[in-house]
Amino acid sequence: MTNRYCVFGHPVAHSKSPAIHAAFAAQTGETIEYTAIEAPLDDFAGAWRRFVAEGGRGANVTVPFKEEAFRLCDTLSERAQRAGAVNTLILGGNGATYGDTTDGVGLVRDLVRSGVTLAGARVLVLGAGGAVRGVLEPLLAEGPANLVVANRTAAKAEALAADFRELGDIEGGGFDAVAGPFDLVINGTSASLAGDLPPLPDDLFAPGATAYDMMYGAEPTVFLRWAGERGARTADGLGMLVEQAAESFYQWRGKRPDTAPVLAELRRGLEA
Ligand code: ATR
């Protein structure tokens, strides 16, 4: 029987996950089928149950279902518990559903791949929504000197930082309280989608600093353009997308794909 996997989202038609996993499967010699499924907004659990009944072995979960996926799991990885979200579902041999989140480890691997040293770094993370909650634990595990979470709604950043305080030096607040310099600034807000730029001071970046946007597109986001003009090295979230997929693939198939050629191919496709 074919090993069936999918990505659930809404919308999901433009997801790059099927192409990424097809490339991983070809590279590692695994025989899998990986499709994109648009789950109904009011019945994510039903969509997963139906997929399992049709032979599904695992799934990726994207917007807006990561929290619902978290709630339906029978067991969860520690990192998924802390993230409060699941992007990887795995069907256990006993029929139980296990949930994991690979977004944070995907971000950290992409940062390391692009030459960022996290140990001892001064790190600023913009945003305090689900996307940011999902990456804080793996970032703190790398041992930054400190991590500041800044958000339009300051109280959300303060609450989020409080949830992670036992894992490292982390504080939260509003954009107005942000004082650099930072070695790494990660934009985890959805402001880029609207072409908005969070209000930030001009002297945010230390020499040699990196600006990273968890979003990606054919053109640099408004945040990356702004950061580049102020001397920062810039990177978008396409690499994070490929790395989180590779970690999901590893969870399902026990094989680690080589991400570099897959990322290069995706980049060519974006720019075409
Ligand atoms: P996600 O799952 O992408 O994190 P979310 O949980 O809705 O989505 O969070 C969106 C984040 O982007 C929040 O931090 C939000 O700020 P608020 O908490 O103040 O709403 C931030 N955000 C969205 N639009 C923004 C904008 N135009 N400027 C600045 N921040 C913005």
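Two strands count as paired if DSSP finds at least two bridges between them, and strands here are DSSP runs of E with at least two residues, while helices are runs of H or I with at least four, both numbered from the N terminus. With that in hand, welcome to a predicted model, where local features need pLDDT of at least 70, side-chain atom pairs count only at pLDDT 80 or more, and totals for chains, interfaces and linings use all residues. Residues are numbered from 1 along each chain as its sequence is written, and side-chain values use heavy atoms, with hydrogens and water left out.

**Strand β10 and its partners**

- Buried means under 20% relative accessible area, against over 50% for exposed and in between for partly exposed (1.4 Å probe, protein chains only).
- Strand β7 (residues 122-126) runs parallel to β10 and is joined to it by 4 bridges. Leu 126 has Asn 187 in β10 as its bridge partner.
- Strand β11 (residues 205-213) also pairs with β10 in the parallel sense, over 5 bridges. Here Val 185 stands opposite Ala 211 of β11.

**Aromatic pairs**

- Rings of Phe, Tyr and Trp (its six-membered ring) pair if their centres lie within 6.5 Å; planes under 30 degrees apart are stacked, over 60 edge-to-face, and the rest tilted. The count by this rule is 8 aromatic pairs.
- Phe 8 and Phe 44 make an edge-to-face pair, 5.3 Å centre to centre with 85° between the planes. This pair links distant parts of the chain, 36 residues apart: Phe 8 lies in strand β1 (residues 3-9) and Phe 44 in helix α2 (residues 44-53).
- Phe 8 is buried at a relative accessible area of 0%, and Phe 44 is buried with a value of 0%.
- Tyr 34 and Trp 252 have ring centres 6.2 Å apart and planes at 50°, so this pair is tilted.

**A charge over a ring**

- The charged end of Arg 256 sits over the ring of Tyr 250, 3.8 Å from its centre. The rule asks for NZ of Lys or CZ of Arg within 6 Å of the ring centre and within 35 degrees of the ring normal.
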